[in-house]
Each structure stands twice: as C-alpha cells, then as structure tokens.
Amino acid sequence: QRQMCIRDSVSRHFYPVSFVKKYIDLLAMQKMNYFHWHLTDDQGWRIEIKKYPLLTKIGSWREQTTIGHNSGRYDGKRYGGYYTQQQIKDIIKYAADRYITIIPEIDMPGHSAAAMTAYPEFSCNPSGGHTVWSNGGISYDVINVANPAAVQFAKDVLEEIMELFPGKHIHIGGDECPTDEWEKNAECQALYKKLGLTSYRQLQSHFIQQLDEFVKGKGHKLSVWNEAITAS
C-alpha cells in the first residue's frame, strides 16, 4: 500500500463541500490515501465545535482579505464560512469510500487569532482587541497556555475532533508560535517560574505534553510540526 499524504488549507481560503469532494476525487486518482486537512488558522475557524459555538459564529469570518502578500491593500469584502459537523461526517465517509483517511489540523497554541477573537478569555489579553486576521504572516495572538481554563478549552475542542475523525492522527500544528504575549502575561510568568524553565518556548512544550497525554488517553496520536517539541 502506498502511504501518501497531501496537505490543504481551507482556513485561509474556504472551499464548499462540493469542491472538497472534487479534491478528494483527484487524490484518489493519484492513489493518495491521506488527506491532511488544515481547518483552523489566524484567518478563519472552519469546523463546528458544539461546545464553543462562537468559534464559527465569530471566528469563521474576517472583515476583508489582503490583496497580494503584505501589500497593504485589501478587498474590503467580508469573507468566511465553515463546515457543520454533519458536513464533516459526510466528507469523512466520502473520503473513506475512496480509501482516504483524513488527518485534521487544528492549530494551537499559535495561529489562533480566529479562536481568540471568538473567546478572548483564553488569550493573554482577555480585555484586549482581537480580530480574525486579514493578513498572512504570523500573529502574536496565541492561547494563554498557563490558564487552566484555556488548556481545558483546547482539550474540549480536541475531544469533539476525535469523536468526528476516526483516523489515529490529530494534528495541532504548533509551528510559528511567538512567545511575546506569554513573556508579558502574569499567569505565564508564574508558571515559567514554578516549572523552573529557562526559555518561554518551553511553555509551549509543556502545553503540547498535556495535550499529548490527553489525546493518547483517547486512543489517538498527536502530530505536530517539529518546532513544537524542540523548544528551539
């Protein structure tokens, strides 16, 4: 059996169910059997999470989109969309019928501007300004990994993801996560000191380890980008 994978993002540019199915047909033609589906990012949250409805009500929409890369020009058009859990199940079955397993990617703790706009209480600045990003690049708006409620939020989201996707692997990204907000946050400073850390990047590793244990306990495996576990 050929173990092949292709990654696609709907978090930045949303595609309807019909297009996703067409895409899956193309993967099947090439005998690829893993579809790595990037469902959330700074620019949009694309999957219904029943426990946190604001993720799609607020987090799936941005006010406009940049024209070109860092051009400073925008189209001025509100943009977004998301998949219901029923649509997700339908797409999973469609892929499975073509011998394709879907690996969902739910980015955390970085690339979380859309999620933090929907639920700012889980960010490092609960009363600060948050927005679903209209740009590319890397946002500093990340999950407050020292807040137990924010960690539970991450686990709750992954719980629903694992219930939906039958494959073993759950991808949480973990790449390009700035530590700037953690370094200024009192809760993160306290946890940093309590754990005797030497780098704020290690707070990310601590967060990843908690999620890893949670996911393993549910019979799944966590996948991340390499920088999520190297603390460098």
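Reader: Where is H111 found?
Author: H111 lies in the loop between β7 and α4 (helices, H or I, at least four residues, and strands, E, at least two, are DSSP runs numbered from the N terminus). This is a predicted model, where local features need pLDDT of at least 70, side-chain atom pairs count only at pLDDT 80 or more, and totals for chains, interfaces and linings use all residues. Residues are numbered from 1 along each chain as its sequence is written, and side-chain values use heavy atoms, leaving out hydrogens and water.

Reader: Is H111 buried or exposed?
Author: H111 counts as buried because its relative accessibility is 4% (buried is under 20% relative accessible area, exposed over 50%, partly exposed in between, with a 1.4 Å probe and protein chains only). H111 also has a positive phi, about 50°, without being a glycine.

Reader: And what is phi for Y99?
Author: Near 65°, again a positive value in a residue other than glycine. Y99 sits in the loop between α3 and β7, and it counts as exposed, at 70% relative accessibility.

Reader: Which residues does the cis peptide bond join?
Author: M108 and P109, with omega about 5°. P109 is in the loop between β7 (101-105) and α4 (113-118).

Reader: New topic. At what angle do α1 and α3 pack?
Author: Helix α1 (residues 17-29) and helix α3 (residues 85-96) pack at about 15°, with axes 10 Å apart. That angle makes α1 roughly parallel to α3 (under 35 degrees; over 145 is roughly antiparallel, 65 to 115 roughly perpendicular, the rest oblique).

Reader: Which residues of α1 and α3 make the contact?
Author: V17, V20, K21, I24 and D25 of α1, and Q87, D90, I91, Y94 and A95 of α3, contact being heavy atoms within 4.5 Å.

How values were computed. Axes fitted to C-alpha atoms, helices over the stretch in contact; angles between N-to-C directions.
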